[in-house]
Amino acid sequence: MPRTPGGQVPFLNGRGIEERDWLAPDDFFEYWLSHHVMWKFKNPIKHSIPEAVWPTADQAASSLLFQPVIIGPLTLESRTWVPAMVPWRATEDGFVTEANIEWYRRFAEGQPGAIVVEATGVRDVPSGPLLRIGHDRFLPGLKKLVQAVREASGGHTRLLIQIIDFLSVRRRPEPEKFFDRFLQINVQHREALAELTNDPHWLYVDETEIRAFLKGASPETLAVVLSERELESLRFGYRERVTDTDHDHIRDLPKVLPEIFSAAACRAREAGFDGVELHYAHAYTMASFLSALNIRADGYGGLRENRVRLPLEVYAHVRERVGNDYVVGVRFLGDEVIAGGNRIEDAAYFGVEFARAGFDFLSISKGGKFEDAQQPKVGQAVYPYTGQSGYECMPTTLSDEVGPFGRSVPLVAAIKRAVNEAGYMTPIVGAGGLTTFAQAEAILRAGHADIAGFARQALADPDWFLKVRRGRGDEIRRCTYTNYCEALDQAHRPVTCKLWDRVALDEPGIALVDEGRRRLLPPEWKR
């Protein structure tokens, strides 16, 4: 981002792209966090974080939460889990940085049963500052990350890595650029213009005249002339879909993805990870194959059994390559929360099929889709966590009467019940607004899940697990579920927590960002 000589940053003030004000970095940051786009309830109810009664060390030791659990060939020392979170600390080329290593080292110091490393790209293609595992050159950094977690946790925490494929998403274009460079004029545009204007000359004129006309056309005119996909590309930016089978590389996804995923899983094993989590959730390739919106006509879309076909083929190829003595799990959606998308009945079906296939664990999420995302600003890419489905993925304390805490537990419980009734005991990971010991323990005791996932609460205090275990829960830094961290993710900035990122900034040796205004890691717990 450009800066003035004084270190200030520009921001678009909402009155137009050409108008700019200048703010100090700290003020810009606060502006962004208060104005970032996110779906909200029309009449939200403000919820307080749940009151907590923390166990003694003896009570924690006898709890179900801190009992071992078996996932495939692996035993976790406790049923505590840190789900994958993208911290935006990799290099632009996808390599592990020292900041990545320190990030996971800090989580490991709290000794959860398992940590899942952020969504890591399986292809050897540019993807910005996100980790990649699509080539052997990424292995040295990944090995260092694994070693750091082993050392920091004293061997008490198992480390998995989430591996992901995604399709192309382009930034929302300037309208002039869209009409000059991206729009391919065809006979449908000509016929629509001729009918709309009652002027047949549009059928024969040069393309430049059509492009010039469309640049100045009203939204109503564009809605008539352009196709639904063209309008979306203009208003949101072009986005590939798994149903774009007129493109060879999309049509061939079922041919290439099993090998791509299995090669990545083999690298994960070589790097020393205890297992892999196949990312079949949210807005990305594999979730899109599972989606009810997948209408491919080649046997990989339409009916549920066709939509689950490629995810099962990918798993089978991964399992064949890594062997039965290595953990392979999956994260998928309990509900897509979009019009025409999957609901719990679909998710329960997929859960049973995944268990039948031999996945070692099922981790359940919710929402996070492109289809209902808010319109991005020109020059920005659409972000799949800004619509209602995004809210349901990361609910805040501004909610409906249900509130954000344990909001997805009914979905998790329904999937677990379906899996168990089908005769499978595959462990189920439940997450989403889990914050207190009593809450997590009750979910496990009720049989709604087998493992409790803490994402934002672990970000707020990575020592949550050790503090509870030692009977020092009253020292926990409680997440307030305002999604300050999610706003940073949306801005593609290093993710931190507002509860600690401005604390003790003069502490010697700490890593800082934003010209020294934020620390990258929480303070060490004084044990």
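User: Is the crossing of α4 and α11 right-handed or left-handed?

Analyst: Good place to start! A crossing is left-handed if the near helix is turned anticlockwise from the far one by less than a right angle, and right-handed if clockwise. Here, α4 and α11 make a right-handed crossing. Before we go on, please keep in mind that this is a predicted model, where local features need pLDDT of at least 70 and side-chain atom pairs count only at pLDDT 80 or more, while totals for chains, interfaces and linings use all residues. Residues are numbered from 1 along each chain as its sequence is written, and side-chain values use heavy atoms, with hydrogens and water left out.

User: Thanks! At what angle do the axes of α4 and α11 cross?

Analyst: First, the names: helices (H or I, at least four residues) and strands (E, at least two) are DSSP runs, numbered from the N terminus. Axes are lines fitted to C-alpha atoms, for helices over the stretch in contact, and angles run from 0 to 180 degrees between N-to-C directions. Helix α4 covers residues 139-153 and helix α11 covers residues 253-271; their axes cross at roughly 50° and come within 9 Å. Angles under 35 degrees count as roughly parallel, over 145 as roughly antiparallel, 65 to 115 as roughly perpendicular and the rest as oblique. α4 and α11 are therefore oblique to each other.

User: Which residues of α4 and α11 meet?

Analyst: Contact means heavy atoms within 4.5 Å. From α4 come Leu139, Leu142, Lys143 and Val146, and they meet Arg267, Glu270 and Ala271 of α11. Sorted by class, this contact has four nonpolar, no polar and three charged residues. In that sorting, Ala, Val, Leu, Ile, Met, Phe, Trp, Tyr, Cys and Pro count as nonpolar, Asp, Glu, Lys and Arg as charged, and the others, Gly among them, as polar.

User: Why do residues three or four places apart in an α-helix point the same way?

Analyst: An α-helix has 3.6 residues a turn, so residues at that spacing point the same way.

User: Let me try another pair. How do α15 and α17 pack?

Analyst: Helix α15 (residues 344-357) and helix α17 (residues 409-421) have axes 8 Å apart and pack at an angle of about 45°. That makes α15 oblique to α17. Their crossing is right-handed. On the α15 side you will find Ile344, Ala347, Ala348, Gly351, Val352 and Ala355, which meet Leu411, Ala414, Ile415, Ala418 and Val419 of α17.

User: Are α14 and α15 roughly parallel or roughly antiparallel to each other?

Analyst: The axes of helix α14 (residues 309-322) and α15 cross at roughly 25° and come within 11 Å. α14 and α15 are therefore roughly parallel to each other. Again look for the residues that touch: Pro311, Leu312 and Tyr315 of α14 meet Glu353, Phe354 and Ala357 of α15. They divide into five nonpolar, no polar and one charged.

User: Now for charged partners. How many salt bridges are there?

Analyst: A salt bridge is a side-chain nitrogen of Lys or Arg within 4 Å of a carboxyl oxygen of Asp or Glu. By this rule, the count comes to 40 salt bridges. One of them joins the side chains of Glu109 and Arg106, at 3.2 Å from N to O. Arg106, Glu109, Asp463 and Glu524 are linked in a network of salt bridges.

User: Is Arg106 buried or exposed?

Analyst: Buried means under 20% relative accessible area, exposed over 50%, and partly exposed in between (1.4 Å probe, protein chains only). Arg106 has a relative accessible area of 2%, so Arg106 is buried. Glu109 is buried as well, at 16%. Compare another salt bridge, between Arg343 and Asp335 at 3.1 Å, N to O: Arg343 is partly exposed at 30%, whereas Asp335 counts as buried at 14%.

User: Which residues of α9 are buried?

Analyst: In helix α9 (residues 228-236), the buried residues are Glu230, Leu231, Glu232, Ser233 and Leu234. The buried residues of α9 pack against α5 (175-182), α6 (187-197) and α8 (219-225). Glu232 also meets Arg239 in a salt bridge between their side chains (4.0 Å, N to O), and both Glu232 and Arg239 are buried. Just after α9, Gly237 takes a positive phi of about 100°.
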